[in-house]
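Please look at the sequence and the model below, then read the points grouped by topic.

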Amino acid sequence: MGTAQRRDRQVGARAFLSLISVAFLLLAMCVTLVTVTPAAADPVDDCTATEGAVVAVDFGPFGGGVERGCDMTPTTGYELLHEAGFTTEGTQHDGPAFICRLGLGSGTQYPTTDQESCVLTPPATAYWSYWIASPGQTKWTYSQYGAMDRKPKDGDVDAWVFGGTDIGGTTGKPTFTPDDVRAGGGGETPDPGGTPTVAPGEIDVAGAADWVDGLLKDGERVVDDGAPNYLLTTEAAYALAAADPQSVSHGKVTTFLAAHADDYAYAAGKDQAPDATAAARLALVAEVAEGDPHHFGGHDLIADLLDNVCTAGPESGTPEPGCTAKGDFRNAGYGDGQALALLAVLRSGSGPPAGTVERLTQLQCDDGGVTSILIRPGEYCDGDPATTGLVALALHEAGGQDTAVGKARTYLKKAQRADGAFPGYTGSTTGSVYATAYAAQALRILDGTTQADAAVAWLSREQLDSGGFGFEEAATDPALYATGPAVLAGADTDLTRLTTKTPDPTDPPTTKPPTTEPPTTDPTHPAGEGPDLKKGVAYLTSAANLKQGQYYGDGTGRADFGLTIDGAYALAATGLNNDKLRGIVDFLDKGGKDTSSRTLQDWTGTGTKYALGGSIGKAALLAEAVGRDPRSFGGKNLITALDKAVCKGPSKAPDRSCAAKGAYTYAPSVFSQSLAVMAQVRADEKAAAREPIAYLEGLQHKSGAWPSLIPATGDSDVDSTAIAAMALDLVGGEKADKAVDKALTWIAGKQLTDGGFPGAAGNSVNSAALAVQGLSLDAKQYAVQIAKARKFLAGQQNTDGGFDVAKEGQRGSDLRASTQAVGGATGISFGTLERSLTGTTPQPTPSPSSSTPLIVTPDDSTGGTGGIIDTDAGGSGGGALASTGVQIGALLGFAVLLVGAGWRVVVVTRRRAATGDRI
């Protein structure tokens, strides 16, 4: 926290005399604070390609060089920075949670105060962006997690670069490569993985098949929530064929699937493009049974796949529905869907359609892993063993892809644990049955027999007494989605050659495991009709999350007012705990203070030259939703403040308050603009909102989508499109209605096969929840999409009631994602949200103690000379350092003497608006 944040304290005469009496002692402590040196970084040479992590900071824009440091025991990206010898400072508005300045050792932190005030969140054109690279990766990827949330692994390298980037991190990359700053001077080849030595083991294939058979309703189908689950029924078909080619049940299942091909693959209509993944699965069922995929269920599945290959992606300006890039099978949705469709076509004897094989190779990351998301070139890439195994099988079958297949094989060998298991995703330490099964299938074909045997041995020890398999190690509940691939691995087969045809006696059986899309639900939480909102509300209102029953914190003791309002929106939407909702509203409305004595209006900036239009609108909209007066909320007239925040035109540098005429002051996103518009319209200030409405309408792309940031960066964002649609739906009128219709059509076209939606963090909970709210503006038209999205959200809910950030990546409930999931799952628009607080009980209002940290700035020293400099070698980013968040013990002692209250300084990084609080 900078000195500009310090507030004058009202001190009585007695307190003043007390301060004088300890003046000399305080002076002595000040000297101590100045001379304390930050802890020395681990020597960079201690880090290797397999031990420790390295971070590099580019001070080039400030006349310095690239400095790097090492942490032998990395825990978070934030700790890596500090343990490597760097220091950080946050903003006055966001607190230390947002890294606004970076410095090295006792050097100056940049940007300096004359370059950036660090009062508000810096613009996306000039901030410290965060980049990461895993072992073996030769290119940087923009971190989708904040530094406090990212968990570096041994061999990782991080980079911080000052400048601009877009929300997806496709611009503004470091000018140096990961190898340039890796330990040992770069260029080291990561260990390709050892050869696991484990006790042999065999899967009881027959026992697993008996368990699968026992799941079948009438011996022909899998039923889930009272209805046929066609995807799992295809899994059953593959497993039964692998276990016993003459299985009677397999024949009945195949017949059932043929009779319901329309329901599964052609839900949009027989004359429409099929769901590519579903059509591919059915085609493979036919091919495994030695049937004809050209005549299955009344469809030529292969022709339909071949006729629906995307010729262009959104970048063409005329995007095709169901296409993310040229070469996609339309509506494939995921990498495994693309791979399955390619396998189905290849097994039919047809050549691969133009671009489809290349499209699969575009999903391969630098380390050889393959991502499950149909990313475009240059986008964030994070592979997983299951998708890598399946795609490797498809590329091997296609032929001519030796380089890609070889990289995939190396990735799989390196990802394997010593006990033979494979984790489900990057950073996981838990063995995944699903991932291990697919990896085993691929390695068996790709000359990795020893590794495949070790994987099967691990799987054999995970088989349950029932015969089935759970999703992860030590699971107690069997799941068909995991059992199917495990059966194929145990039968030494895979989907490229799985068949019910009896092999020639001289030929060893060569079959392959069923490939399927990632599980659509968390195995411990069946999806049902949607997420459990009661559990979600219990998570949001728990004492561990809702501080003093009044606000959500930012990790430093300060209130995160934006997140707190998000939580209030969620509680208002559900109506499941109105007393807790009132506690939040009263805290905001009645001038409640956090531990730093900040109130709501300190966050909105109302009445100051830093009035944040989006924040003001967000607060006003909450007041309107719960029946409070936005013209007297938190001690301010928020509607008048909004009127004043409407920009008359773009501001001139260095003033960045106004992006354009009709924008709101310091509103950095479409989210901010939309919330403020809704607040004005709901306050019957539509005339005053005329220019903001026009500006919002003008930001819409021809495709129907909205960008994420203001000024626009050219991207298209589900979250922003949904919130803009809600705003314009409230505005009404012919022009607004047409814009909403285009927006909803675009959103629906972005839905993934499992019901999720793409966002900045991957298959995003935030994006799915907002999509539900947006599509619910025309609930009848988009009922199918809404139901799928709600089921997806249920699959991301954890046992504590909270939600993951995204389907892939790090696991664990995230408060911000949970507020959006709980509120969004109701489908209620922010424009129409209403919840009466009549009959509720006022909640206790504790008075948190507060104090202000002292910032001590030592004398300047000379700057660095450029080049890549190791922090342990005495290099300097230049200048003097404001000691924030470093000398914690000394600051504690000083604060105790000064105000008789404890002060705890914890610096936590906050994600940019793309993945965190929108305003």
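In α22, Gly 613, Ile 616, Gly 617, Ala 619, Ala 620 and Glu 624 meet Leu 638, Ile 639, Ala 641, Leu 642 and Ala 645 of α23, where contact means heavy atoms within 4.5 Å. By class, the contact of α22 with α23 has 8 nonpolar, 2 polar and 1 charged residues. In this classing, Ala, Val, Leu, Ile, Met, Phe, Trp, Tyr, Cys and Pro are nonpolar, Asp, Glu, Lys and Arg are charged, and the others, Gly among them, are polar.

The model is predicted: local features need pLDDT of at least 70, side-chain atom pairs count only at pLDDT 80 or more, and totals for chains, interfaces and linings use all residues. Residues are numbered from 1 along each chain as its sequence is written, and side-chain values use heavy atoms, with hydrogens and water left out.

**Helix packing**

- Two packed helices are described by the angle between their axes and the distance between the axes.
- Helix α22 covers residues 613-625 and helix α23 covers residues 638-645; their axes come within 9 Å and cross at roughly 150°.
- Axes are lines fitted to C-alpha atoms, for helices over the stretch in contact, and angles run from 0 to 180 degrees between N-to-C directions.
- α22 and α23 are therefore roughly antiparallel to each other, a term for angles over 145 degrees.
- The crossing of α22 past α23 is left-handed, meaning that the near helix is turned anticlockwise from the far one by less than a right angle.
- Helices (H or I, at least four residues) and strands (E, at least two) are DSSP runs, numbered from the N terminus.

**Strands**

- Strand β1 (residues 53-58) and β2 run antiparallel and are joined by 6 bridges; two strands pair if DSSP finds at least two bridges between them.
- Opposite Ala 53 stands Asp 71 in β2.
- β3 pairs with strand β4 (residues 101-104) in the antiparallel sense over 4 bridges, and Leu 104 in β4 is the bridge partner of Phe 86.

**Backbone details in loops**

- The peptide bond from Tyr 110 to Pro 111 is cis, with omega near -5°; Pro 111 is in the loop between β4 and β5 (127-133).
- Ile 710 and Pro 711 are also joined by a cis peptide bond, with omega about -5°, and Pro 711 is in the loop between α25 (690-698) and α26 (718-731).
- Asp 225, a residue other than glycine, has a positive phi near 55° and sits in the loop between β8 (223-224) and β9 (227-228).
- Ser 597 is not a glycine, yet its phi is positive at about 65°.
- The loop between α20 (578-589) and α21 (600-604) holds Ser 597, which is partly exposed, with a relative accessible area of 22%.

**A serine in helix α16**

- Ser 460 lies in helix α16 (residues 449-462) and counts as buried at 16% relative accessibility.
- Not counting residues up to four places away in sequence, Ser 460 touches Gly 201, Glu 202 and Ile 203.

Definitions and conventions
Parallel < 35°, antiparallel > 145°, perpendicular 65-115°, else oblique. Buried < 20%, exposed > 50% of the residue type's maximum accessible area, 1.4 Å probe, protein only.
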